[in-house]
Amino acid sequence: MSKKSRKTIAHPGTTKAVSRRKVIKGAGAVAGLAAGSGLVKGFPYVMAADPITLRYASTAVTQDTRLAAKVKEDLGITIQYIPLTSDDVVKTAVTQPNRFDILEPEVWMVKKIVPSGNLRGMDTRRIKQAGNITTVFTEGKVAGKKIGDQGTAPIKVVYLTGEESKTFSKDATRWMSIIPSVYNADTLGIRPDLIGRPIENWHELLNPEFKGKAAILNIPSIGIMDAAMVVESMGEHTYGDKGNMTRDEIDLTIKVLTEAKKAGQFRAFWKEFNESVNLMASGEVVIQSMWSPAVTKVRSQGIPCIYQPLKEGYRAWASGIALPVTLKGKKLDAAYELINWYLSGWAGAFLNRQGYYSAVLSTAEASMEPYEWDYWMLGKPAAKDIKAPDGTVIEKAGTVRDGGSFNERMGAVACWNAVMDENRYMVRKWNEFIAA
Amino acid sequence: MRSHRPTVAYLQAAPLALVFLLFFVVPLVLTVIVSVWDYNEYQIIPDFTFNNYREIFEGCIADLPALCVTFKTYWSTVKYGFLVWLCTLVIGFTIAYFLAFHVRTLTVQIVLFLICTIPFWTSNVIRMISWIPLLGRNGLVNDALLGLGLVSERQEWLLFSGFSVVLAFVHLYTLFMIVPIFNSMMRIDRTLLEAANDAGASGWQTLTNVVIPLCKPGITIGSIFVITIVMGDFITIGVMGGQQIASIGKVIQVEMSYLQFPAAAANAVILLAVVLMIIYAMTRLVDIRKEL
């Protein structure tokens, strides 16, 4: 998941010479922005006659102004983005459900938010494409085959027992907690030119051959799952659930990491998208945990980089659209309208072209060129140059997507981003690892 | 002596006092309060517990002489604080000395001073990232060393190491040392130097007996700047240390990002206490108020 520029926030009054008046005006604009983002409750943002504005709270990853512009064009609904950090998404959803009309949490967050009773179960009867939502979410399967469900797999949290329910349902119901928006499968990125041999397992991350040339991400909840994939691959331990470890399992995982660190295995840890790009592009690191857009970015600099599929499978993540229980009347109708639009194809194609996956594949396919679909979803060699939504060429004709087709990639998911019951303990242990 | 009406003086001091109260004292008090609260995944719970402090020091006494995480982290933070302080002091003093005593005209002094601020013309993060193509495994320094035949293989200790952390800090913060020391030096009466010379003191004796003692306030102020900045830093240590080197600021930042505010607050309170002790010790050595 990349940190995109937050285009929605403009800094007021920076261009011209600063006068006292301008400063005051700027302050006013800041106040207006604060009011618009819901910090000041009950402040009417749009004074015009009847257009509907939906406040859309999520991490910046999926907040694309091009999406919002298309919504405005097609539906006349104004999307007002409220960018939050992933921690703030949970906090806001739990403590201030009035701050937003639409929420796009990651799946693991849903596990924490639903018990607060602040999410509305979405009525699948009002969602036209509900029956076509990918089975990754609705059945935990890809092409009829069950996929890994360790961690917070979507299937565990996607159904609720009722419209205003605080509990998840194991079986499919009429009420969904989230409608999937984007998801993907993460793995290790490698520099094939500097490694010079095939890489097939997660344990290669700690292979002494790459001493001083490996990296892992310093985001405890994700980093520890990547580490768990490595530990399992080494044959040291088989976890009951990599996304919900016991204290002993946390201790063991941190011990393996600490030993590797002391032996000088890691060149660096990274925390931000661009750091990972830098490490890889400069050759400081030849194997590391990575996110898909980062691999694309390294490659766009003309440097070979592979998002390497591994035998043990992928660590997956997913986001979805959720509605607060407080949403009523016209705004609720507009929200359903937005969701139906989201699933109707344009948005799906838009996301697929960035290397993510979208909720309803059939409509996305109809909105993409056949050669694009073949490349992104079927794992076939690109018949023409592959372009990003903004028109830049990201892959030359003839290339094949790393990991292959949707079925191959999502079918090989081993676990999902998660929040552990022992989260507090895990964070402490992770800090020890960094200090070691 | 003129007689002051105390109320007027208080009124004059009131605006600044109010700003300090609002933006310094209140947040500080809140931090201390939150540090004894409890917390769970997504909220902080009013309470009165020393659990946060206990967790920070868990096993620290029992493990001695081996250092527990907290002690290790503080040791590493203090170590970098000391190294950076030493380097910035030596370099900063030398530059200030040159500017104050060897550069004769004001224009040249101003120009050279502006040159010293060049590192601040770009953002902190960009400055630090620019070290990578220079010091990295495939960077310019390595290329040069190999080309000159000084080393036979590429050196890894140049980047993501204690060395690169200190280097970046020194590059960033030497100016904070230069400015107050330069200021002190400019206030030294030049006739004192002449007198020392006339009395037969060597250049070195003048430096140690006249210049350095008179620069003490500048040195102290510069030291306070540098040490407080380095002790609380997590970005420079993070980027230049490859996120592998512990600093107390980093620990606090991780806890904040996991909404563990009480734990972060407890760490912040301890850090504050440590830094205050260091500053107290320094001001015992030099009475800034008297010297100014």
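The side chains of Thr253(A) and Tyr239(A) are joined by a polar contact of 2.7 Å, a polar contact being a pair of N or O atoms within 3.5 Å in which, within protein, one must be able to donate a hydrogen and the other to accept it, with residues adjacent in sequence counted only if both atoms are side-chain atoms. The model is predicted, so local features need pLDDT of at least 70 and side-chain atom pairs count only at pLDDT 80 or more, while totals for chains, interfaces and linings use all residues. Residues are numbered from 1 along each chain as its sequence is written, chains are lettered from A and ligands numbered from 1 in the order in which they are written, and side-chain values use heavy atoms, hydrogens and water being left out.

Thr253(A) is located in helix 9 (residues 247–262) of chain A; helices (H or I, at least four residues) and strands (E, at least two) are DSSP runs numbered from the N terminus. With a relative accessible area of 0%, Thr253(A) is buried, where buried denotes under 20% relative accessible area, exposed over 50%, and partly exposed in between (1.4 Å probe, protein chains only). Residues up to four places away in sequence not being counted, Thr253(A) touches Ile224(A), Ala227(A), Ala228(A), Val231(A), Tyr239(A) and Met245(A); contact means heavy atoms within 4.5 Å.

Over all chains, the structure holds 27 aromatic pairs. Rings of Phe, Tyr and Trp (its six-membered ring) pair if their centres lie within 6.5 Å, with planes under 30 degrees apart counted as stacked, over 60 as edge-to-face and the rest as tilted. Phe137(A) and Tyr183(A) form an edge-to-face pair, at 5.2 Å centre to centre and 70° between the planes. This pair links distant parts of the chain, 46 residues apart, with Phe137(A) in helix 5 (residues 135–138) and Tyr183(A) in strand 11 (residues 179–190) of chain A. A relative accessible area of 0% makes Phe137(A) buried, and Tyr183(A) is buried with a relative accessible area of 0%. In chain B, the ring centres of Phe176(B) and Phe225(B) are 5.8 Å apart and their planes are at 45°, so this pair is tilted. Because Phe176(B) lies in helix 8 (residues 162–186) and Phe225(B) in helix 10 (residues 203–232) of chain B, the pair ties together parts that are 49 residues apart in sequence. Phe176(B) counts as partly exposed at 26% relative accessibility, and Phe225(B) is partly exposed at 40%. Ring pairs also link Phe137(A), Tyr183(A), Tyr357(A) and Phe406(A) into a cluster.

Chain B comprises 14 helices and two strands, and 40% of its 292 residues count as buried. Its C-alpha atoms fill a box of roughly 75 × 70 × 40 Å, taken along the principal axes. Among contacts in chain B between residues at least 6 apart in sequence, 67% join residues at least 24 apart.

The contact between the chains takes 34 residues from chain B and 36 residues from chain A. About 3200 Å² is buried between chain B and chain A, 48% of this area coming from carbon and sulfur atoms; buried area is the accessible area (1.4 Å probe) that two parts lose on being put together, summed over both. Three salt bridges are counted between the chains, each a side-chain nitrogen of Lys or Arg within 4 Å of a carboxyl oxygen of Asp or Glu. One of them joins Arg428(A) to Glu58(B), with the closest N and O atoms 2.9 Å apart.
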